[in-house]
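Subject: Structure handover

Hello,

Here is the structure for you to look through. My notes on what was found follow below it.

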Amino acid sequence: MKTIIPLLSAAVMILSSCSNQTSTSSARKIKEDAATNKAWKRPVGQKIYAAMQIENSIKIGDSVKLKFTVYNPTDSVQQFCKWHTPFEPLISKYLDVKEVNGEEVNYQGAMAKRMMPPPASSYQKVNPGDSLSIAIDLLKGYAVKKPGKYVITYNGEGMSGLSVKDSVVFNYVKP
């Protein structure tokens, strides 16, 4: 029992090192609404956050492009750890992809092992009031094969320090 407490404390310190954030905000940014895939204005925030966007309907055989945008609504430079985000190659399962009935889509991408704490090169800076976007093809890491309605949820907040409030939904349809 005496060795568990120091180990847990060390783990918490390591995970929190990935989300160095500073100061407060004065900018409004657009964020994705999961139910309608329509944009809405996020109130002025205290820290960096991310939002996902995807087309409502995607034909089987087409790429399944997910847009991931990091917003900095503060008045100072913020940073986030790129690990467990689309800002690095698909080498970890940072998204939960499920059919609406709850059946999880298999992750078939690589799984990287990391040395902690993350090196300085693992962090991405975002200027005040600015944003960074990247698009990935989910098919490069997830086995989305059959027609249906799918829900994508971001689960990498513990590593990256980025919160994503809403999931996104898309229909995978026959051509």
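**Aromatic pairs**

The structure holds nine aromatic pairs. Rings of Phe, Tyr and Trp (its six-membered ring) pair if their centres lie within 6.5 Å; planes under 30 degrees apart count as stacked, over 60 as edge-to-face and the rest as tilted.

Take Y49 and Y71. Their ring centres are 5.2 Å apart and their planes are at 25°, so this pair is stacked. It links distant parts of the chain: Y49 sits in strand β3 (residues 49-54) and Y71 in strand β5, 22 residues apart. Strands (E, at least two residues) are DSSP runs, numbered from the N terminus. Y49 is buried at 1% relative accessibility. Y71 is buried too, with a relative accessible area of 10%. Here, buried means under 20% relative accessible area, exposed over 50%, and partly exposed in between (1.4 Å probe, protein chains only).

Next, Y150 and F170. Their planes are at 20° and their ring centres 5.4 Å apart, so this pair is stacked. Again the pair links distant parts of the chain, with Y150 in strand β10 and F170 in strand β11 (residues 168-173), 20 residues apart. Both Y150 and F170 are buried.

There is also a cluster. Ring pairs link F68, F80, F87, Y94 and Y154 into it.

**A note on the model**

This is a predicted model: local features need pLDDT of at least 70, side-chain atom pairs count only at pLDDT 80 or more, and totals for chains, interfaces and linings use all residues. Residues are numbered from 1 along each chain as its sequence is written, and side-chain values use heavy atoms, with hydrogens and water left out.

**Salt bridges**

A salt bridge is a side-chain nitrogen of Lys or Arg within 4 Å of a carboxyl oxygen of Asp or Glu. By this rule the count comes to five.

One of them joins the side chains of E88 and R114, at 2.6 Å from N to O. E88 lies in the loop between β6 and β7 (95-99), and R114 in the loop between β7 and β8 (123-126), so the pair ties together parts that are 26 residues apart in sequence. E88 is buried, with a relative accessible area of 10%. R114 counts as partly exposed, at 26% relative accessibility.

With E99, K146 forms a salt bridge whose closest N and O atoms are 3.3 Å apart. K146 lies in the loop between β9 (131-137) and β10 (148-154), while E99 is in strand β7, so this pair ties together parts that are 47 residues apart in sequence. K146 is partly exposed at 39% relative accessibility. E99 is buried at 12%.

K146 also forms a salt bridge with E103, with the closest N and O atoms 3.8 Å apart. E103 lies in the loop between β7 and β8 and K146 in the loop between β9 and β10, so the pair ties together parts that are 43 residues apart in sequence. E103 is partly exposed, at 40% relative accessibility.

Finally, K93, D96 and E104 are linked in a network of salt bridges.

Where does S76 lie? S76 is in the loop between β5 (65-71) and β6 (78-81). It is buried, with a relative accessible area of 16%. A polar contact of 3.2 Å joins the side chains of S76 and Q78. Such a contact is a pair of N or O atoms within 3.5 Å; within protein, one must be able to donate a hydrogen and the other to accept it, and residues adjacent in sequence count only if both atoms are side-chain atoms.

Best wishes

Notes:
Helices (H or I, at least four residues) and strands (E, at least two) are DSSP runs, numbered from the N terminus.
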